[in-house]
Amino acid sequence: MLEKLNFPKPQMVRRDWVDLNGEWDFCFDDDNIGHKDAAFTRPGFFDRKIIVPYAYQTKNSGIGLNEDHPVVWYRRLLPIMKNQEKRYLLHFEAVDYKADIYLDGQHLYCHEGGSTPFTMDITDMVRPNCELVVRVEDYNRTCQPIGKQSWKKENFLCWYTRTTGIWQQVWLEEVGSTYLSEIRMTPDIDAASLHLDLSVAHATPSTRVEGQVYFQGELITAFSSLVKSGRVRLSVDVSSEEANFRLHFWSPADPNLYDIVFDVIEEGRMQDHVESYFGMRDVSVKGNKVCLNNQEFYQKLVLDQGYWQDGGLTATPEQLLADLEKVKEMGFNGARKHQKIEDARYMYICDVLGLVMWAEMPSFFEFSHCANENVTCELHGFVAKHFNHPSVIAYTLMNESWGINEVYKNKAQQAFVNGLYWLTKSLDPSRVIIGNDGWEQTIGDIITVHDYNSDPETLAASYGNLAGAANGNPSLTSLRHVFAKGYEYASQPFMISEFGGVAFDTGTRLIDSSWGYGNRLNGQKEVLEKMASLCQAVYSIDGLCGFCYTQLSDVEQEVNGLLDHHHEYKFDPAVIRKMITGTKETGFLFI
């Protein structure tokens with residue numbers, strides 16, 4: 001069921017690839033001398049080893065120093081025997097923050113942005129066993145989209161240990177003389193079609209792309225198209241007599257996935273072979289409802305920050321799978337990935353298990369033209385990474401006015417959020433978008449509130465009149481207006497996208513102080529009773545389109561997780577499932 005889990009990019013699988021994770025040479029460059037007179041090429045410059053893709057701040061890296069070293073270097077040999085008829089692609093899934101890539105001492109590429117993937121065609125510079133060097137610069141500036149990384153010297157509130165350098169997968173692929181460089185697949189359930197937009201590198205007038213669509217091993221259809229200007233665009237009818245309603249729809253209740261295979265053909269010879277998959281599903285807004293496949297869908301999400309005690313932001317695929325299986329077992333139908341662009345295998349697991357997902361841009365923390373440029377540049381890669389995953393139903397662009405602290409009245413900051421909204425819509429109009437999650441919103445497809453009121457009665461009472469609450473400041477904990485000045489509620493779907501956060505410290509991390517929301521309770525029984533009463537209060541609010549409970553696991557000083565720092569259950573999952581499942585069920589039940 002999860003046969004693609006060990007591929008770094010399950011949506012674009014090639015069989016000829018080499019995993020570059022593991023031990024690399026490494027060094028700190030606090031004096032920033034490595035690139036001066038090619039000092040990095042001299043013997044003795046690299047004085048440490050590191051385990052990629054873990055940041056040096058983590059135990060799993062083999063270094064485990066929570067110190068500030070803004071410039072670091074990596075080195076390893078590329079295990080490659082060059083074939084003159086092949087091309088070679090070098091992939092980095094995420095490097096925080098600015099990465100310069102060298103091959104055999106020659107500068108090849110520069111990428112800025114700490115969370116988005118980048119790929120280089122290194123064919124013209126590669127040779128057998130050439131030396132790959134990576135220089136990373138990360139000053140953790142507040143104009144960078146840094147998410148939950150503390151920009152202060154120490155952790156504070158809900159900001160945590162920094163991440164510097166390579167922190168997601170690195171791999172090398174061998175392809176033909178012409179190859180698929182990008183695949184974009186958009187399902188259209190109302191037309192029973194899949195819209196394809198394919199980019200092909202080094203295409204000639206005779207290059208064509210052929211493909212087949214399968215469902216559970218049975219051929220549904222095939223297609224073929226010439227490449228024009230490096231691009232193929234076509235729509236494929238994927239309907240079938242075998243499907244109960246012409247299509248095998250994807251949903252949390254029935255997460256059906258189609259397989260699709262692409263072949264790039266040049267003069268009768270196959271140059272590239274790519275295996276992928278897609279889900280036929282639709283996300284839309286109708287009045288104050290969010291619909292999945294044209295049916296009302298009540299979202300029961302859990303906030304997932306994606307931190308591990310020994311790995312920081314980096315997890316193994318087995319850890320990702322274990323987390324998401326627990327999410328499902330506890331009764332949630334989705335996750336809000338918070339302030340982090342996750343490993344592609346996380347989305348793959350959501351696709352297979354049937355969990356919806358909110359994808360979220362990491363925040364910056366000081367509004368400026370520099371921050372504007374940094375966010376806008378990474379937004380393209382953010383959307384591209386999630387585009388083909390049926391589980392991803394929403395994009396969150398900003399959170400709690402972080403970085404846009406004056407947005408309530410500031411017209412420039414309001415325009416910035418609106419600009420991000422429309423830019424994202426232009427890149428992907430198929431999903432719902434939350435502009436500034438939590439409060440002080442401008443435009444957005446879902447209106448959201450963060451409310452950590454720990455009193456169930458006043459929590460529910462604050463939303464007795466939903467329209468009045470939306471045009472006011474219903475959260476007794478934040479006291480922030482739902483809308484920025486000049487904007488008002490227009491009957492959009494309304495959601496409490498953060499609540500709960502009840503602390504329960506099981507002592508799985510030795511820290512001076514730990515915290516959660518509300519008063520600290522005595523023992524597991526009181527904690528479970530509080531959580532259950534808060535969930536009941538949220539369920540009692542008429543007109544909501546869903547909720548997001550805070551949070552999946554403990555994170556460093558924050559101990560309000562349903563799982564501990566080791567991502568093990570704090571509570572009986574059956575008890576959590578009972579309070580999360582609630583009464584908001586829709587659709588037919590076949591028993």
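Predicted model: local features only at pLDDT ≥ 70, side-chain atom pairs only at ≥ 80, totals over all residues.

User: Where does Thr 123 lie, and what makes its link to Asp 121 a polar contact?

Analyst: Thr 123 sits in the loop between strand S9 (118–121) and strand S10 (131–137). Helices (H or I, at least four residues) and strands (E, at least two) are DSSP runs, numbered from the N terminus. The side chains of Thr 123 and Asp 121 are joined at 2.6 Å. A polar contact is a pair of N or O atoms within 3.5 Å; within protein, one must be able to donate a hydrogen and the other to accept it, and residues adjacent in sequence count only if both atoms are side-chain atoms. The pair is therefore a polar contact. A polar atom of the Thr 123 side chain also lies 2.8 Å from the backbone nitrogen of Tyr 88.

User: Which residues is Thr 123 in contact with, leaving aside neighbours within four places in sequence?

Analyst: They are Lys 82, Lys 86, Arg 87 and Tyr 88. Contact means heavy atoms within 4.5 Å.

User: What is said of the phi of Gln 216 and of Glu 400?

Analyst: Gln 216 is not a glycine, yet its phi is positive, about 50°. Glu 400, also a residue other than glycine, has a positive phi near 50°. Most residues other than glycine have a negative phi, and most peptide bonds are trans. Gln 216 lies in the loop between strand S15 (208–215) and strand S16 (218–226), and Glu 400 in the loop between strand S28 (392–399) and helix H4 (411–427).

User: How do you know whether Gln 216 and Glu 400 are buried or exposed?

Analyst: Gln 216 has a relative accessible area of 66%, so it is exposed. Glu 400 has 14%, so it is buried.

User: Which peptide bonds are cis?

Analyst: Among them is the bond from Asp 96 to Tyr 97, with omega near 15°. Another is the bond from Thr 550 to Gln 551, with omega near 0°. Tyr 97 is in the loop between strand S6 (95–96) and strand S7 (98–103). Gln 551 is in the loop between strand S32 (544–550) and helix H8 (573–581).

User: Which residues of H8 are buried, and why are they said to be on the same side?

Analyst: Pro 573, Ile 576, Met 579 and Ile 580 are buried in H8. They cover an arc of only 125° around the axis, so they lie on the same side of H8. The arc is that of the directions from the helix axis to the C-beta atoms. The exposed residues Ala 574 and Lys 578 are on the face of H8 turned away from the buried side. The cover over the buried residues includes strand S25 (299–304), helix H1 (317–329), helix H7 (523–539) and S32.

User: What is found at the start of H8 and just after H8?

Analyst: At the start, a side-chain oxygen of Asp 572 comes to within 2.9 Å of the backbone nitrogen of Ala 574. Just after H8, Gly 582 has a positive phi of about 60°.

User: How many cavities of 30 Å³ or more are found, and what makes a space a cavity?

Analyst: The search of the whole structure finds 5. On a 1 Å grid over the protein atoms alone, a cavity is a set of points where a 1.4 Å probe fits but cannot get out, and lining residues have an atom within 4 Å of a point. Grid points are joined across faces, edges and corners, and a volume is the space filled by probe spheres set on the points.

Technical notes
Residues numbered from 1 in each chain as written. Heavy atoms only, no water. 1 Å grid on protein atoms, 1.4 Å probe; cavity = no way out; pocket = protein on both sides within 12 Å on 5 of 7 lines; lining within 4 Å. Buried < 20%, exposed > 50% of the residue type's maximum accessible area, 1.4 Å probe, protein only.
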